[in-house]
Amino acid sequence: LGIFWAACYFLYSRNDLALIFVGLFLVGICSYYSARNFSYAYLAGMAHALLLIVTLISLIDSPLENIPRSAHVFFLPLAIGVVFIFNPKDKYMGIIFPRFCLVFFAAFGVGLFDIDSSSFSPPENIRMIGCVSNYTFSTLILASIIRIYIKNLNEKVDLAFSLAQAVVKNEIMVHYQVQVDAKGKPLGAEALVRWNHPERGLLSPDKFIPLAEESLVIRDIGLEVLRQSCRLLAEWSNDSSLKDKYIAVNVSPVQLADEDFVATVIEVVQNFGVRPELIELELTESALIIDAEQAILKIQQLKDFGVQWALDDFGSGFSSLSIIKTLPVQKIKIDKQFIRDAKSNESSKNLLKKIFEISELLEMEAIVEGVEEHSQHEMLIDIGYSQFQGFLFGHPKPAPEVTEKMRSFLS
């Protein structure tokens with residue numbers, strides 16, 4: 001559209017109007033490339049650029065006696081497109097911006113912004129072509145957006161249906177990533193869930209965990225991960241070199257909100273006959289959003305049973321130190337973003353030092369995840385950290401492979 005109308009107005013020697021559509025063309029080019037590399041700021045910027053362009057075109061597209069205003073119809077696909085792209089939890093781009101577009105659509109439609117724009121409006125002999133074009137293309141764009149949405153919705157429904165049967169069909173797999181001390185000796189491992197989808201292959205957690213939480217299937221998946229972890233611990237109990245090693249299992253806020261969570265965890269641990277202290281449950285600060293008091297009560301009940309607790313992604317959430325201090329957790333897990341920043345940013349390195357001091361003040365252990373380089377490992381040891389996890393020490397592996405790897409470290 002940008003190329004067509006820019007060329008058209010250049011032919012009519014209306015360079016001012018042509019430049020507006022050159023801008024539309026440039027936004028289209030940017031949109032094409034952004035589809036390959038999602039960036040919130042980039043897409044939000046393009047949405048605002050489109051809003052500005054459609055507003056300018058609508059202002060100069062004043063209605064004539066026999067030709068209605070038509071440019072404002074592009075506010076509709078812009079509003080719907082933004083709703084589908086941005087998360088509704090984002091109050092501005094997910095809620096305010098699309099409603100702003102709809103208000104503009106209505107305001108231009110009823111003539112609130114009608115002005116005498118005859119001096120810079122498009123030539124009258126092509127206004128009808130523009131009117132037909134605007135209604136045609138805006139309708140096609142809107143239809144395309146709805147088609148994409150329906151396709152995505154159907155895929156999501158199919159995936160959710162398959163996910164609901166994944167546990168029963170033994171499609172849930174657990175890989176384990178070793179956690180080590182300052183000398184590289186294994187302390188334990190973290191259980192990381194995978195879904196062996198019959199058609200899509202092995203899926204990482206980011207591909208299905210949000211859907212699992214939304215559909216509450218995460219409760220079954222979480223218990224399956226715990227069961228497989230307990231089974232592995234039971235195997236390790238027969239090995240003198242591994243019998244004291246623990247396994248860390250992630251707990252979703254949805255699981256923690258379940259009334260039967262505590263009883264179910266205790267039942268699984270007892271059924272496999274493993275020592276409760278070798279189970280370390282990891283939760284994020286988001287688990288405290290809904291009902292912090294009940295969450296803390298359940299954490300304490302499982303702690304009394306013997307289960308260990310760790311606070312995952314420490315420093316990336318919302319909780320204050322006063323809330324963290326009340327949590328009955330024994331360990332904090334430092335978010336990997338701190339490690340990445342510390343390499344080139346002295347303030348991030350100082351922040352790591354302060355976090356270590358906080359862990360000592362709170363009498364909690366501290367483990368750093370995302371360690372990928374020897375230089376990072378040495379820097380963290382110099383600060384005082386003594387527990388680590390990351391690709392430097394091993395990638396997530398199935399149970400047999402991580403067991404052999406840990407044995408080799410200990411030999």
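Visitor: Which residue forms a salt bridge with Arg407?

Guide: Bear in mind that this is a predicted model. The partner is Glu404, and the closest N and O atoms are 2.8 Å apart. The two residues are three apart in helix 16 (residues 399-410), so about one helical turn separates Arg407 and Glu404.

Visitor: How many salt bridges does the structure hold?

Guide: There are 13. One of them joins the side chains of Lys333 and Glu282, at 3.2 Å from N to O. Lys333 lies in strand 7 (residues 331-334) and Glu282 in strand 5 (residues 279-283), so this pair ties together parts 51 residues apart in sequence.

Visitor: What should I look for in a nonpolar core?

Guide: In soluble globular proteins, nonpolar side chains tend to be buried together. Here the largest nonpolar core has 75 residues, and those touching the most other members are Ile221, Leu281, Trp309, Leu352 and Tyr385. Helix 8 (residues 218-236) gives the most to this core, with nine residues. A second, separate core has 33 residues, including Leu17, Leu43, Leu78 and Phe86.

Visitor: Which residues is Leu352 in contact with, leaving aside its neighbours within four places in sequence?

Guide: Leu352 is in contact with Ile334, Phe338, Ile339, Ala342, Met379, Leu380, Ile383 and Tyr385.

Visitor: Which residues make the nonpolar surface patch?

Guide: Val83, Phe84, Ile146, Tyr149, Ile150, Leu153 and Val157 make a patch of about 560 Å². Helix 6 (127-164) is one of the contributors, and with five residues helix 6 gives the most. Val83 lies in helix 4 and is partly exposed, at 37% relative accessibility.

Visitor: How do I read the overall form of the chain?

Guide: Start with the elements: the protein chain has 16 helices and ten strands. Its radius of gyration is 28 Å, well over the 22 Å that the globule rule gives for 411 residues, so the chain is more spread out than a compact globule. Along the principal axes, the C-alpha atoms fill a box of roughly 90 × 50 × 40 Å. Of the 411 residues, 45% are buried.

Definitions and conventions:
Residues numbered from 1 in each chain as written. Predicted model: local features only at pLDDT ≥ 70, side-chain atom pairs only at ≥ 80, totals over all residues. Heavy atoms only, no water. Core = buried A, V, L, I, M, F, W, Y, C linked by side-chain atoms within 4.5 Å. Buried < 20%, exposed > 50% of the residue type's maximum accessible area, 1.4 Å probe, protein only. Helix = DSSP H or I, 4+ residues; strand = E, 2+ residues; numbered from the N terminus. Contact = heavy atoms within 4.5 Å. Patch = residues over 30% accessible without salt bridge, like charges linked within 9 Å, V, L, I, M, F, W, Y side chains within 5 Å. Areas by Shrake-Rupley, 256 points an atom, 1.4 Å probe, with all protein chains shown as cover. Salt bridge = Lys/Arg side-chain N within 4 Å of Asp/Glu carboxyl O. Rg over C-alpha atoms; globule rule 2.2 N^0.38 Å.
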